[in-house]
Structure formats: C-alpha cells, structure tokens
Amino acid sequence: MLRRIGMGLTIQDFKDILHVGIQLTVEKDDNKLLNTIVEKGMQITNCDASTLYLYEDDVLKFRIMRTLSQNVCRGLDGEPITDIPPVPFKEENVCAYTAIHRKVVNIADVYDSEEFDFSGPKRYDAMTGFRTQSMLVIPVENNTGELIGVLQMMNAQDEDGNVIPFDSQYEIIIRSLGSLAAIELANIRYVHEVKQQLHSFVEAMATAIDERTPYNGSHTRKVAEYATLLARKIDQKTKEGLCNEAFDEERLERLELAALLHDIGKMIIPKSVMNRATRLDSDMAAFEDRIALLKCYYEIDSLKGKISKEEYEVQHARLEDIYEFVHRIDAVGFLQQEDYDRVQEIATLAYEKEDGEKVPFLTERERMCLSVRKGTLTEEDRKIMESHVSMTAKILSKVYFNKSYCDVPRWAAEHHEYLDGSGYPNHIKGDELDTETRILAIADIYDALTASDRPYKKPMPKERACAILHSMVEEGKLEGRYVDWLEEAVMEE
C-alpha cells in the first residue's frame, strides 16, 4: 500500500513525476518533447483534454489538441492546425492572460466564471458536444523567463470519471515540468540553430568554390549528391545482409558536409591553374602574336632581298601550318605520340634577327603546356592543383567541429586517397581509410568523368565512367562493391 506524503501524493506519484522529468531532459526531438508535455501533464492531473499553444508572432498558436473522450488527437505529428485562428494577446482571453502575466489560472467551472471571455470554448462545446468544465492554464517559460507557450488542461477527473476541479497541488508540478520542457525545447532549438549555422557556412563555402571557376560550377554539389546516393545504397545493402555499414540521417548529414567541403582548398589555387580550359589557355594570344610577328620578319627579309620570294612563301606556309597545328592540339583530351613529337620539333625552331637575338617559335612554357599528354595541366600546375587537399585540411583545421562532426574535416581532406596508397597527399591506404573517405573518392571521380561543364573534355556516358571506376578497382585503388553499388544506383535514376 502506497504511503501518502505532502499534498496527498504517493511515493509512486513522485517517482512517476521524476520519471517524466527525466524523459523531458533526454528527449532530443522537439515534436516528441511537446507531445510529452501534453501527454504526461494529462496523466499526472488525470484530465480529459489538453491544448498546447506556442507563442509566435505575438499570438498563441494552436500546436497540439487532445480530447480523450472524443478521440481527438491533432498536431501530434507536427502537422499544423490552421483551421482554428490563433488566440490574440488580449487579457480577456484566459490563455493570453496567463501568458501576459505568467500566472497560473485554475477555474472550477468555466460556465460559472465571469473573470474571462469563454465564448470561444463555449462555441467549441456547442459544435462538438463536449462540455468544458474545470480548467488549469499554465504558462510555459524557460529558465531565462522567455515565454514558450501556454498549456491549457480541461476537465480533471476522479477515479470514477467524474469531472472535478484541478487540485492546486498540481499547479506547481505541471508548471515545473513545463519549465523543464521549455528549457529542453530551447536547447533543442539552439542545437538546430547551431546546425543551421554550420550548414549555412558550408553552403556559403560550397557556393564560393563553385562560383570561383566557370568550369566547375556544380562539382561540389554533384559530389555530395553522388556520395549520398551511394551511402543510401550501402544502407540498403546492409538491410539486405550484404554489408554492415548503416547510414542513418545523422551519418548521412556528416557525409554530405564532408562532400560539400572537400574542395574548399581550391579557394587558394590560382585562377590561371583552376581555369585552364586548354593547354595554352590565356597564353594562346601571346603565341598568336608571335606567329604574326614571325611572318612579318620573313616578309621584311623578302622585301630586303635576304630571302627569295619562294623561301618566304615556304616559311609563311610553315608558320600557318604550325598555327593550325597548335590550335588543333590545344584542346584535345589526349595528345598522340606523333603530335607530342612534333611539339618538340617545333620548339627547336627559331628566327634569328640581325643582332643575333633568336625568336623561338614556341617558348619553353608553351612547349611544356603543349606537351601535356592528358588534360590541360603541366606537372608543375598539377602539383599546385593537388595542393588543394592539403589546404582543405589546413583551412578546416581553423574551424571548430564538435564531437558529432569531428571526422568531417578529415574525410574532406582525404578524398584523393586510394586503397593502395597511391593517392595524395598522405598516401593513406587500406583500413586507414574510413568508409566515408572511400565513398567520397568514388563520387569525386565519377562526377569528374561525367561532368558536362569541363571545356577540355566531353562528358562520359554512365557506362563508360563506371567502366573506368571498375578498372581502378582492378588496380586496387577503389572498393569494388561500392563501385558496383554506385553503378546500380545511378542506373536506377
């Protein structure tokens, strides 16, 4: 038999109340937290109905409505209650009065009360057949005194189901639990705000990265898209018993953040390297001017009689041919051996002026650029470009990531590492590479192959891009099953 203590409450009552308090402090979902306030408040007071209002835009908006006797449950899943107008902040409204003065209002029978305007509850009763009688209205505020809302409880019941007034002993209990819930709700909202701030920072950085070059405008977000697509497929395979890497929404969020930040180091890469659309790119103008100048030199020599008209025509035709050749190979995806050899030959040619100064057909820089076998970057340029991952790590090391996100900078900075250790910058390999890093590496390569905004190459079909990924699996660089599952996922789109 339970022993009564204090205000008629049993020891079990106090245990139940403490348990509710614990529930409120551990709940991390704001919708579930609000539901808990209503549900546990009704259980403690043994009442039939309750309404939770949230204070927004200087009015009290209906958030949750429950009436057990009429099987009414609204707002429990977070769906908005829009068909009932909010309560204006006027003192004649009992809920507004409670909110304005932060006072508990306990009324035995609203039909016998003339203190407030109860026309609204009475109209509701007339429409639904419900009879509002006893009412307990409590302000919900946090530890700083900020008003969160109002909890309105109706029709307390005795053990036989008869409607009775709310015992005053519950006023302090429900108000305390409401305040506890309000504090936790404020904490949840603060966490959401911090997350929102982090995401807005990441979005801003991703926008800055992609906007910095016209040839990479959607890469960051596409990598995030493919990484998330692959992670969801991996999670599906785990549920099918084919893998053991589950991806809940929080893990997906961390992966997406890493994807959006993976190229932040490109902020410091010179545009002359970042935006090199062709082998010569902006250097082409200097080459064209030199060819025009060389034509003039030979023409002057012809006019002075230093060379014959026939020799002039030969030199002129040769310069025209070199001009066309350089333009042809400037933007090809892969330089053939015969074209490479011809670049070296042209680089040996020069016009000698009267003072002995030699004007080369190609400068050493032009020779190096035109000798690039694949892509548009020289070895020196490529090293500069590859330094972006080290800069990603350096930049992100200056940003505070709490324990939930502490791995994000590392994943972002390791997206060019391969399983066989041939990646860069740290040649990490095998088990040292997290699943997220392996996913980012695959997503980054896939987008690079299929991207349609690269001027130096045409986008590859999905099948061809996946074939290249599979060849990298055979070389030991990428994880085979993840490549298989990405292929499966992109083919399903």
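Modeller: Start with the elements: helices and strands are DSSP runs, helices of at least four residues and strands of at least two, numbered from the N terminus. The model is predicted. Helix H6 spans residues 219–239 and holds both Lys 222 and Glu 225, three residues apart, about one turn of the helix.

Colleague: What do the side chains of Lys 222 and Glu 225 meet in?

Modeller: A salt bridge, with 3.4 Å from N to O. The cut-off is 4 Å between a side-chain nitrogen of Lys or Arg and a carboxyl oxygen of Asp or Glu. By this rule the count comes to 35 salt bridges. Lys 222 is partly exposed at 24% relative accessible area, and Glu 225 is partly exposed at 36%.

Colleague: Which parts does the pair of Asp 434 and Arg 410 tie together?

Modeller: Their side chains form a salt bridge of 2.8 Å, N to O. Asp 434 is in the loop between H14 and H15 and Arg 410 is in helix H14, so the pair ties together parts 24 residues apart in sequence. Asp 434 is partly exposed, at 24% relative accessibility; Arg 410, at 30%, is partly exposed too.

Colleague: Are Arg 438 and Glu 479 buried or exposed?

Modeller: Buried means under 20% relative accessible area, and both Arg 438 and Glu 479 are buried. Their side chains meet in a salt bridge of 2.5 Å, N to O. Arg 438 belongs to helix H15 and Glu 479 to the loop between helix H16 (462–474) and helix H17 (480–492), so this pair ties together parts 41 residues apart in sequence. Elsewhere, salt bridges with shared partners join Lys 233, Lys 237, Glu 240, Glu 488 and Glu 492 into one network.

Colleague: Now the backbone. What should I look for?

Modeller: Look for exceptions, because most residues other than glycine have a negative phi and most peptide bonds are trans. Tyr 424 and Pro 425 are joined by a cis peptide bond, with omega about 10°. Pro 425 sits in the loop between helix H14 (408–413) and helix H15 (435–450).

Colleague: Where does His 427 lie?

Modeller: In the loop between H14 and H15. The phi of His 427 is positive, near 55°.

Colleague: And where is Asp 57 found?

Modeller: In the loop between strand E3 (47–56) and strand E4 (59–67). Asp 57 also has a positive phi, near 55°. The cut-off for exposed is over 50%, so Asp 57, at 65% relative accessibility, counts as exposed.

Terms used: Residues numbered from 1 in each chain as written. Predicted model: local features only at pLDDT ≥ 70, side-chain atom pairs only at ≥ 80, totals over all residues. Heavy atoms only, no water. Buried < 20%, exposed > 50% of the residue type's maximum accessible area, 1.4 Å probe, protein only.
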